[in-house]
Amino acid sequence: MAVDQGDQTGVVLTMALATFITGWLFGLYTTRGYLISPALAEERHRNFNDPVESEESDIDEDDTILDHAPNWANGEDADQKQGLRARARVGGPVEKKPLALDNSGDPNEECKLVLVVRTDLGMTKGKIAAQCSHATLACYKALSRSNPDSPQARVLKRWEKRGQAKVAVQIKSEKEMTELRWKALDMGLTAEVIEDAGRTQIDPGSLTVLGVGPGPKSLVDKVTGHLKLL
């Protein structure tokens, strides 16, 4: 018995429509948990209502600015309050000295920022990366507050324009970090210490990273040149 071409077209369209509706309903029921096991549905519901925060959460429970990383809008006192400058444990506030190479330094010399990381704390790679980021921003903020005509401001501009070189090195104690900070400050270099909030891997108040610079390479190397790369 011959089948009319119009009937064939109708059958194809009907099957296509039925397939589309079936697929749509399957997807809808699956996303709502009707077609998965009760255990998986319960876990999905629990995770939906209680999302897991990242290890480096940006917002505290009271919706205030995070207390473990530099905030661009913060002033120096606010940064210190939020755990960025642990001066009480690394010598207290100091008078800013002039950059040692202000008059005799090569204006074309490469500038760099060195991030001194404590390896004795057992931080993971991700934690170290986050802490180094905090130190980088803290050092940048400190230099950006300098007088526009100061050698520190000129060094910052030179560092910005020439690739923003950064080097990560390692130390094994808080005592060594303290000594390096004082040495850097004595040369007029920027030296910022990051204090962790202790929300994830390490104890609250741990001094994690010291940022030295940006500064002229020859000057920064007098402070950190003997340290091994991270």
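In what order do the elements of the protein run from the N terminus on? They go α-α-α-β-α-α-β-α-β-β-α, and that makes seven helices and four strands in the protein. Helices here are DSSP runs of H or I with at least four residues, strands are runs of E with at least two, and both are numbered from the N terminus.

A word on the source before we go on, everyone: this is a predicted model, in which local features need pLDDT of at least 70 and side-chain atom pairs count only at pLDDT 80 or more, while totals for chains, interfaces and linings use all residues. Residues are numbered from 1 along each chain as its sequence is written, and side-chain values use heavy atoms, with hydrogens and water left out.

Let's start with the sheet. The four strands form an open sheet in the order β2-β1-β4-β3, with mixed pairing; two strands pair if DSSP finds at least two bridges between them. β2 (165-171) and β3 (191-195) are at the edges with a single partner strand each, so one side of each has no neighbour in the sheet. On average, neighbouring strands are turned by 20 degrees against each other, direction ignored. For angles, axes are lines fitted to C-alpha atoms, for helices over the stretch in contact, and the values run from 0 to 180 degrees between N-to-C directions.

Now please find β1. β1 runs parallel to β2, joined by seven bridges, and V117 stands opposite Q170 in β2. With β4, β1 runs antiparallel over six bridges, and here V116 stands opposite L210.

Is β1 buried or exposed? Eight of its eight residues are buried, where buried means under 20% relative accessible area, exposed over 50%, and partly exposed in between, using a 1.4 Å probe and protein chains only. In a regular strand the side chains alternate between the two faces of the sheet. Here C111, L113, L115 and V117 point one way, K112, V114, V116 and R118 point the other way, and all are buried.

Contact means heavy atoms within 4.5 Å. Helix α7 (residues 217-224) also packs on the sheet, touching β1 and β4, at about 150 degrees to the direction of β4.

α4 has a helix partner too. α4 and α5 (residues 151-161) pack at an angle of about 130 degrees, with their axes 9 Å apart. That makes α4 oblique to α5, since angles under 35 degrees count as roughly parallel, over 145 as roughly antiparallel, 65 to 115 as roughly perpendicular and the rest as oblique. Y140, L143 and S144 in α4 meet Q152, L156, W159 and E160 in α5.

Two local details to finish. A cis peptide bond joins G213 and P214, with omega at about 0 degrees, and P214 lies in strand β4. Then there is Q164, in the loop between α5 and β2: its phi is near 50 degrees, a positive value in a residue other than glycine. Q164 counts as partly exposed because its relative accessibility is 34%.
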